[in-house]
Amino acid sequence: MSTDQRSIQDVQEALFSRRAAGIKQSAVRDVFELSLDPSLVSLAGGNPYLQLLPLQKVGELAQRIIVEQGPVALQYGSGLGTPELRAQIIEVMAAEGITNVGIEDVVVTNGSQSAQDMACKVFCDPGDTVLCEDPTYVGALNTFEAYQVKARPVGTDENGLIPDALRARIAELRAAGERIKFLYTIPNFNNPSGITLAAERRSEIVEICREAGILILEDNPYGMLRYEGEAAPTLRSLDAQNVIYMGSFSKIFAPGLRIGWAAVPTNLFRRFYLAGEAVALCPPTLNQMIISAYLDEHDWKGQIAKYNDLYRSRRDAMLAALGEHLPAGITHTHPEGGFFIWLTLPEGIDTYELLQQGVKAGVIFIPGAAFSPSGEASNKLRLAFCSVDEETIAEGVRRLSLLLEQAIAS
Ligand code: PMP
């Protein structure tokens, strides 16, 4: 059949790559569209509460940078990021207790999301395997799918990845002929579960991966948002040679600037940053300069402390409301930081269906299956406490609990 006999759409759609078939809109995005309705209480979005930023000050420094340094700020820059910001990232990492990183290890990225993409591009061929938590970050799962990579869950409990389960999973998958490239993990305040990998498990996880010849991709955007307890060492600080660390300014400053970074072992560094350069040429120069000025001129650690006070109160409000209203038979996590609480409902309640009822009842959340590489989380859901005030949180949990009572009774 010639082109003119078929519709142009059919002809074009036949040109899609096999890779593109795996790219789909994330369920999280679907729910975002719903959250624009002001009558709904949204416990869905993991958006940082930017109203707390010194916006006047940020505006002034952005203005100053453009007026005084416009030809640099609005110009292309290095694919590695600006030298100033790379040096400051070393200080930000030091504030998290990571001291084994040099400026030459750091590449600035378009959010940590693009660092995940770069890692897949550099390490994964179609059909390769990566290991991850179940549940895990939906954006990473989407990236894995886009690269036709199999995301294989490793057993976890309330203390995160279980070292023996990791060992057994590697052996099992290798026996089945799978090529495992890396372990993707969110050790601090997992999105969506809120769970943190216990300090005493961290060296063991690092050793297992090293011995097995598997890289670790450590995703740590929430690490500094801790509301209680002691920080455990990052995996990167335990092993500079086998861990690619991904950090982000999205949660500690502003996600709209789209600036994150990766700290990459020396021998992997060049390929890694070239993979980013091929997509975006360079991270946005103006945004990097705004962040540099903000870090230089504002008490950014004090700002994080303010955020932590606010988010702690909101977390506590959500935990209290869950304690007061949730019907029996439902369990939830108790995060020490980050943005999220993960609920497990009785088997048989499908949280996608519950969300449809939630829209009518005026409360939305994210159904658990979106975050599950095994697809076994249909009776789970994620609540976010970061972006709404305490009263609204209490009202949202009350509405959700009524729905859950009905779902359990029916
Ligand atoms: N990793 C995790 C665990 C996240 O929750 C997010 C954002 N929600 C990202 C990565 C992406 O962050 P960024 O804005 O830096 O791309």
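**Close-up views of a predicted model**

**View 1. The largest nonpolar core has 105 residues, and Ala 262 and Leu 383 touch the most other members.** Helix H13 (residues 300–325) gives this core its largest share, six residues. A nonpolar core here means a set of buried Ala, Val, Leu, Ile, Met, Phe, Trp, Tyr and Cys residues joined through C-beta atoms within 7 Å. A residue is buried if 20 or more other C-beta atoms lie within 10 Å of its own, exposed if 12 or fewer, and partly exposed in between, with C-beta atoms placed from the backbone. Leaving aside neighbours within four places in sequence, Ala 262 is in contact with Val 107, Thr 109, Ala 115, Ile 244, Tyr 245, Met 246 and Phe 272 (contact: C-beta atoms, placed from the backbone, within 7 Å).

A quick note on what you're looking at: this is a predicted model, where local features need pLDDT of at least 70 and side-chain atom pairs count only at pLDDT 80 or more, while totals for chains, interfaces and linings use all residues. Residues are numbered from 1 along each chain as its sequence is written.

**View 2. Strand S7 (residues 180–185) pairs with S3 and S8.** Six of the six residues in S7 are buried. S3 (residues 129–132) runs parallel to S7 and is joined to it by four bridges, with Leu 131 opposite Leu 183. S8 (residues 215–219) also pairs with S7 in the parallel sense, over four bridges, and here Tyr 184 stands opposite Leu 217. Helices (H or I, at least four residues) and strands (E, at least two) are DSSP runs, numbered from the N terminus; two strands pair if DSSP finds at least two bridges between them.

**View 3. Two peptide bonds here are cis: Asp 134 to Pro 135, and Asn 191 to Pro 192.** Omega is about 10 degrees for the bond to Pro 135, which sits in the loop between S3 and helix H7 (138–146). For the bond to Pro 192, omega is near 25 degrees, and that proline lies in the loop between S7 and helix H9 (199–212). Most residues other than glycine have a negative phi, and most peptide bonds are trans.

**View 4. Phe 189 has a positive phi, near 50 degrees.** You'll find Phe 189 in the loop between S7 and H9. Is Phe 189 buried or exposed? Phe 189 is buried, with 24 other C-beta atoms within 10 Å.

Conventions: Two residues are in contact if their C-beta atoms, placed from the backbone, lie within 7 Å.
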